[in-house]
Amino acid sequence: FLIPDANTFDNGAYTMLNYEWGKWDFQAGVRYDRRDLETFQTAGIDSSIIQNIDVTPIQRTYDQINYAAGFVRNDKRTTFRLNVSSGYRAPHLAELKADGFHHGSLRYEQGDVNLNPEQALQVDATMELHFDHLEFIVNPYFNRIVNFIYLYQSDQFEGSFPVFEFRQADLAYLYGGEAGFHYHP
């Protein structure tokens, strides 16, 4: 018994705007997402087997509005892009209610019903240099994530399997970049 029976309903709506002006291309968008989640006690489960598992049903609704805006400037030899966007991710059923052996990863997982949705802000840029047979690309990015959900290996064991807990950090930063080249003779 890893997660309880549940109904999950995800839906969203978005709109985009694109405007071109000479060598400039501007784009912006707005998106609304909603997740309805309802768990219920699994039928036919012997309560003596699940004595340590919290089978209390939950009913949650998560919703958020996100945005994205960016531009591209194209020249004969260069392309430059800059994007800024928000992000949102509601916790999924396993992160909230897992309490059992996960056969795919050979570990015991424990969820946390108090997890909040993740909210992110991302900035990324791309610079491309184009030549007749060669292209160079540099793409740095930066993400700031509030309520970051992660899997933590505790010191506990359930039988011979390590116990992993879903936890939440107040703030996380993910950043880096990519660089590459493309040669086409």
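How many strands form the open sheet, and in what order? Select the strands in this predicted model and follow them across. The open sheet is formed by 9 strands, running β1-β2-β3-β4-β7-β8-β9-β6-β5, and the pairing is mixed. Strands of a sheet pair through backbone hydrogen bonds, either parallel or antiparallel.

Next, select residues 5-21 and then residues 99-102. These are β1 and β5, the edge strands, and each of them pairs on one side only. Turn the view to look along the sheet: from one strand to the next, the twist averages 25°.

Now select β6, residues 107-110, together with β9, residues 161-183. Over 3 bridges, β6 and β9 pair in the parallel sense. To find one point of this pairing, pick E109: the bridge partner of E109 in β9 is F164.

Then switch to the surface and select V30, Y32, I65, Y67, V84, L121, V123, F142, L171, Y173 and Y175. Together they make a nonpolar surface patch of about 980 Å². Which strands each supply at least two residues of the patch? They are β2 (24-40), β3 (59-74), β7 (118-130) and β9.

Last, zoom in on Y173. This residue lies in strand β9 and belongs to the nonpolar patch. Is Y173 buried, partly exposed or exposed? Y173 has a relative accessible area of 44%, so it counts as partly exposed; the partly exposed class lies between under 20% for buried and over 50% for exposed.

Methods
Residues numbered from 1 in each chain as written. Predicted model: local features only at pLDDT ≥ 70, side-chain atom pairs only at ≥ 80, totals over all residues. Heavy atoms only, no water. Pairing = 2+ DSSP bridges. Helix = DSSP H or I, 4+ residues; strand = E, 2+ residues; numbered from the N terminus. Axes fitted to C-alpha atoms, helices over the stretch in contact; angles between N-to-C directions. Patch = residues over 30% accessible without salt bridge, like charges linked within 9 Å, V, L, I, M, F, W, Y side chains within 5 Å. Areas by Shrake-Rupley, 256 points an atom, 1.4 Å probe, with all protein chains shown as cover. Salt bridge = Lys/Arg side-chain N within 4 Å of Asp/Glu carboxyl O. Buried < 20%, exposed > 50% of the residue type's maximum accessible area, 1.4 Å probe, protein only.
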